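Please read this briefing with the sequence and the 3D structure side by side.

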Amino acid sequence: MRHSIHDIAKALGAKALGATDISVTGVAEPAMAGPDHLALAMKPEFAAGLVQGHARAALVWDGADWQGLGLEAAIIAPRPRYAMAGLSAMMDPGQGFAPGVHPTAVIDPTAEVADDASIGPLSVIGPRARIGAGAVIGPQCFVGADAVLGQGAYLREGVRIGARVTIGERFIAQPGATVGADGYSFVTPEQSSIERVRDSLGDQGEITAQAYARIHSLGNVTIGDDVELGANSCIDRGTVRDTQIGNGVKFDNLAQIGHNVVIGNDCLICGLVGVAGSTRIGNNVVLGGQTGVSDNLFIGDNVITGGATKVLANVPAGRVMMGYPAMKMDTHIETYKALRRLPRLMKQVAALQKAVFKPGQSD
Amino acid sequence: MRHSIHDIAKALGAKALGATDISVTGVAEPAMAGPDHLALAMKPEFAAGLVQGHARAALVWDGADWQGLGLEAAIIAPRPRYAMAGLSAMMDPGQGFAPGVHPTAVIDPTAEVADDASIGPLSVIGPRARIGAGAVIGPQCFVGADAVLGQGAYLREGVRIGARVTIGERFIAQPGATVGADGYSFVTPEQSSIERVRDSLGDQGEITAQAYARIHSLGNVTIGDDVELGANSCIDRGTVRDTQIGNGVKFDNLAQIGHNVVIGNDCLICGLVGVAGSTRIGNNVVLGGQTGVSDNLFIGDNVITGGATKVLANVPAGRVMMGYPAMKMDTHIETYKALRRLPRLMKQVAALQKAVFKPGQSD
Amino acid sequence: MRHSIHDIAKALGAKALGATDISVTGVAEPAMAGPDHLALAMKPEFAAGLVQGHARAALVWDGADWQGLGLEAAIIAPRPRYAMAGLSAMMDPGQGFAPGVHPTAVIDPTAEVADDASIGPLSVIGPRARIGAGAVIGPQCFVGADAVLGQGAYLREGVRIGARVTIGERFIAQPGATVGADGYSFVTPEQSSIERVRDSLGDQGEITAQAYARIHSLGNVTIGDDVELGANSCIDRGTVRDTQIGNGVKFDNLAQIGHNVVIGNDCLICGLVGVAGSTRIGNNVVLGGQTGVSDNLFIGDNVITGGATKVLANVPAGRVMMGYPAMKMDTHIETYKALRRLPRLMKQVAALQKAVFKPGQSD
């Protein structure tokens, strides 16, 4: 599909310059762009690429000499990275899932599927499940009994939504994402060694071998609007109350959200993050890749964790954290700089001891 | 389904008080409970919630003034958390998978499926696979050739069991769990840089680029009774002998168990844990979330690792470990406290040097 | 299937000794071997096992007194571990997937499937997808629109390949592996707190709550020849250009490769590794289990990271790294040894202060 430079700029709320009737079929990096591409040259360092490639039009940085760089047309956006959101949505060829309900889908007669929703081949929709208007359920998906998927949901191949899960509007789930697995909750007949270690910070007391009994997950999962869930990520159901995800939360791939967890609005939960059971996370929180958060903690609004931060205690609102165990990022940087100087410090202390104490007197 | 307070208490081996003929349809947190709920108020801090909610009956802490809190009936259990196991099993509405064999399931004629087992829509059962009595195979599952699933197995949607895997009784697998992927085992024609780094602790010697040849996994996976496997978790097959999981082991979501690993009985393996190839783990071990264990190690009985512990060496029985690299938990706490005081220590040493050494004399 | 010792040795380019017409049906560890097994006794420590077991023939270490150990035949290979590659390939019974196209597979009429390719039950092949000669697509797999799978591809159960992904020859994917999920890329209307934290190393400035807009992934994934992808691993599509994986790269289970990442040839990416968006990785790199690599970094050729290394900065070619944040492995070992001695060092400094400074004078 072709779009004119004029139409693209208009859709983005951006400025179009030059031969704005030129049309393009896609976007490309400047050096690899052909005449049918809109080159993406949002910073001055792309200037050389523009000269090297064959684009006639580009999204350029503010102040670019686009004509001098050989372009016939240009789009200038005040925040080019933000313009990419609208531009990429316009240009996305999608996955090509066919409209309508595929004849191989297995849909329970009591399910309520909106007329314009599409259900891909070999998907299963359970009893009394409700699929909202305009939803696209890809191939080989599963939506369990009494689950609710709001309007405009988009499930890629192999997504699984368990029974009684409730999801708001415009939900996006990548392949293999799973909502509503049972929580990980086991209990021993007598107090367990883990319970004792937690009380004592390290001493498990007298060891008695015990088998674990399963606590079933009676709660569900409730997810707000505009949530996205990455490939093979998991959100577990709650034990008694629901696991809750607010509006606008975006999960990357292979994230794990335990039972009873509550996450506020507009959070970013990156890849391979694990949040253990019953932890509460505020609004506008960012958990960097491979972050781990222990169970039963509270993470305040606007907290940011750097990659691989291991959060073992509550974090007040607004903190930027890093390390294992998590510290404030500036403390972490300072202590780790010091750690690298530690072998030298030890030599200095040894020299001091030699100078200050008579032989045999030191510690 | 309704249960009377009397029947619930009897099933739990607990004490029922008051109007024990009151019946409930589910459980709820005290503040959110309605008249048809059994409120779960197992600690005194739930007292206010009981007053706020509308429950007529509750599971209460020992010594609670349940009548004073407005309840008509109460259940008192000696270890309420353990009572939750039985109570939640009674109250679990389940996933609503239909009994019987769904007509869209693809079952090899040589497979042996117990008469009362159920096979969900679009599941595949391979040649000579054996499915035990009372097993529930959910939708879109796969059970490979010659695999054996013991009685009472319960597979949620999209679980995959590879060829020749053998699993005991009462196995539970959450969505997307995978048993029997091939092990990760590759070899170079000449000694590789990894082999050299391991020998030298850091020096990879002369670098030669080599391609990797695949070592096929000829072993299988053998799993005991009462094992649970979390969503999207993986247990790989062995190279020559089987990967072995004992009885009563519970895996959380996104755990990765490499080839040839041996795990004893009654272990908890939490979310995002990775255990590398050929490591042996004893009985009653707990690996906290995001724990990593290197290959070819031995972890003794009753070892507990805190969240994100990285185990790079053998751990004797009974140890409680934490950190990267793993240390005993009390050592870890002590060294990390010290680490935070390190910048201050450096200033102190600098002041000492100034006082002790004449200018120009210090290190 | 039976193989003679003579034929096995010939296939491996190894030396056969003794009664080389003895035939075997499989391999086993020495102590567990029966008369139809080839025992694998590649190191002298297996001598006792050979005596204990019932093998008539074994793959033995160079110089073994195989006759004295009771064997009738032996195979001696110059690098036994490498011989395992060929031997295990010969002996692999495989998954037993049936040849041909299963009648329940849903294949778009415009897809081009090689005549000798096999497609398992309940798999979906999208419009214009191309499946190469000799490919084996297992049960319940998905291959999206316009995707290309080279000859000899082998997909285990439940593998998902998104639209427009291009994969070379002899690709192997374990159960649940996913290629071509959308990248994790979001942008706020105004500069976000994450952007400010990156600029300031820790200060997120004035906090303003913002919602995230989605940047669609317009790029694809391009994968070379001889690549293997582990169970439930994920490789995301690129934003504008393709995510690129070279030849001979082997991924273990639950690895996560972000959008725009470029990986060279012959790398090992172990389990639970995360590589964030736009990072470039050279040739012959090894990322140990649970390694994390931040976005937009460059990892040179022949870099090796130990387990759980967290790479937060570029790494020059040839480095062996470890720790969080990543340091050279020898530095890491030195600093962590020092860290364990730190509490003692603190006592030494306190004693020095007491000796050097008069009371009240110290820091």
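In this predicted model, the centres of domain 1 and domain 2 of chain A, taken over C-alpha atoms, are separated by 39 Å. Domain 1 of chain A covers residues 3-91 and domain 2 covers 106-322, with bounds that come from an automatic or database domain assignment.

Residues are numbered from 1 along each chain as its sequence is written, and chains are lettered from A and ligands numbered from 1 in the order in which they are written. Local features need pLDDT of at least 70, side-chain atom pairs count only at pLDDT 80 or more, and totals for chains, interfaces and linings use all residues, while side-chain values use heavy atoms, without hydrogens and water.

**Chain copies**
- Chain B is superposed on chain A by a rotation of 120° with 0.0 Å of shift along the axis, at an RMSD of 0.1 Å (least squares on the C-alpha atoms of residues with pLDDT of at least 70 in both).
- The two copies are therefore related as by a three-fold rotation axis.

**The sheet of chain C**
- Strand β5 (residues 37-41) and strand β6 (residues 57-60) of chain C pair in the parallel sense over four bridges, and C:A39 has C:A58 in β6(C) as its bridge partner.

How values were computed:
Two strands pair if DSSP finds at least two bridges between them. Helices (H or I, at least four residues) and strands (E, at least two) are DSSP runs, numbered from the N terminus.
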